[in-house]
Amino acid sequence: PTTFTSNVSDGGRYPDPTYPRLALQLRQQGKVLLYVVVDLNGMPASVQVKDSSGHALLDKHAADWI
C-alpha cells in the first residue's frame, strides 16, 4: 500500500466535499478516516470507514463522496 499525502506540487485537485445539510442542522461534526483501495485506472475500488466520526451520516457522506 502507498500512503498518499496531497500537496500543490503534485498537480492534483482536491475539492472539499459539501457538508450534509442534515448534519449541519443537527450540528454534527467530527473526523472520519477512510481506507480506500484504488484500481489501476485511479478509481476507488472499495471504501471502508476505519475510524468513525461518531455520526453515521457523516461517515456515509464521506465514503460516498470518495
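Q: What percentage of the 66 residues of the protein chain count as buried?
A: This is a predicted model, where local features need pLDDT of at least 70, side-chain atom pairs count only at pLDDT 80 or more, and totals for chains, interfaces and linings use all residues. Residues are numbered from 1 along each chain as its sequence is written, and side-chain values use heavy atoms, leaving out hydrogens and water. Buried means under 20% relative accessible area, exposed over 50%, and partly exposed in between (1.4 Å probe, protein chains only). Of the 66 residues, the share that counts as buried is 11%.

Q: Which pattern does the protein chain follow along the sequence?
A: Helices (H or I, at least four residues) and strands (E, at least two) are DSSP runs, numbered from the N terminus. The chain has 2 helices and 2 strands. Read along the sequence, they give α-β-β-α.

Q: Is Leu 22 buried or partly exposed?
A: Leu 22 sits in helix H1, residues 21-25. Its C-alpha is 8.4 Å from that of Leu 57, 35 residues away along the chain. Because its relative accessibility is 46%, Leu 22 counts as partly exposed.

Q: Among contacts between residues at least 6 apart in sequence, what percentage join residues at least 24 apart?
A: A contact here means heavy atoms within 4.5 Å. Taking contacts in the protein chain between residues at least 6 apart, the share joining residues at least 24 apart is 36%.

Q: Which strand does Val 38 lie in?
A: Look for Val 38 in the run covering residues 33-38. That run is strand E1.
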